[in-house]
Amino acid sequence: MAEMTGMDPTRAILGTFAQAFIDGEWQTNINHLEANVEIDKRELNLVGHGWVQFKIGAKRGTGTISGYKVSSKMIQRDFSKFDIISKLDDPEAYGFERIRLMRCMPDRIQLANWTAGEEVGEETPFTFEDYELLDPIEI
């Protein structure tokens, strides 16, 4: 009987060792980064096809960066564009991954959001205009 091998659980990547850099500056206060790309799929109804065909349209990048508020930098940055580099670097993984999100622009700037006796968090949703996979994780 053949032995089944599965995924080595030590290779699962934990976000514990992730880092976020805005315009090259490490953001040690960040504890969450999410970025997604969606495409505008165009439906085409063509003669001779019994199925709807699809053409790739424009791409749209959206994301959210959040963490603890430690400075007023996001307010001072206002709605100017910036780059984010996301780095996943779990020491037990097969390697590390870096992705650059280009020309990020905040959708909303949080001016105040606090409660007495609690840590102050800061969340900034944003859009981006391109991305580059700088360092892929390869098995």
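The lining of the second largest pocket is made up of six nonpolar, seven polar and four charged residues. The model is a predicted one.

**Second largest pocket**

- The second largest pocket holds about 240 Å³ of space.
- Its lining counts 17 residues, and the closest to the pocket centre are Gln 27, Asn 29, Ser 71, Lys 73 and Met 74.
- Four elements each give at least two residues to this lining: strand 2 (25–26), strand 4 (53–68), helix 1 (73–77) and strand 7 (121–128).

- Gln 27 sits in the loop between strand 2 and strand 3.
- Is Gln 27 buried or exposed? Its relative accessibility is 14%, so Gln 27 counts as buried, the cut-off being under 20%.
- Leaving aside residues up to four places away in sequence, Gln 27 touches Ala 20 and Ile 22.

**Largest pocket**

- The volume of the largest pocket is about 430 Å³.
- Its lining has 23 residues, and Ala 18, Leu 33, Glu 34, Ser 86 and Leu 88 are the closest to the pocket centre.
- Strand 1, strand 3 (30–44), strand 5 (82–88) and strand 6 (97–106) are the elements that give two or more residues to the lining of the largest pocket.
- Which element gives the most to this lining? Strand 3 does, with eight residues.
- By residue class, the lining of the largest pocket splits into 12 nonpolar, eight polar and three charged.

**Thr 10**

- Thr 10 lies in the segment before strand 1 (19–22).
- Thr 10 has a relative accessible area of 34%, so Thr 10 is partly exposed; that class runs between the buried limit of 20% and the exposed limit of 50%.
- The side chains of Thr 10 and Asp 8 are joined by a polar contact of 2.8 Å.
- Thr 10 also touches Glu 92 and Ala 93, with residues up to four places away in sequence not counted.
- How many residues along the chain separate Thr 10 and Asp 90? They are 80 residues apart, and 9.7 Å separates their C-alpha atoms.

Definitions and conventions: Residues numbered from 1 in each chain as written. Predicted model: local features only at pLDDT ≥ 70, side-chain atom pairs only at ≥ 80, totals over all residues. Heavy atoms only, no water. Buried < 20%, exposed > 50% of the residue type's maximum accessible area, 1.4 Å probe, protein only. Contact = heavy atoms within 4.5 Å. Polar contact = N/O pair within 3.5 Å; in protein donor to acceptor, adjacent residues only side chain to side chain. 1 Å grid on protein atoms, 1.4 Å probe; cavity = no way out; pocket = protein on both sides within 12 Å on 5 of 7 lines; lining within 4 Å. Points joined across faces, edges and corners; volume = space filled by probe spheres on them. Nonpolar A, V, L, I, M, F, W, Y, C, P; charged D, E, K, R; others polar.
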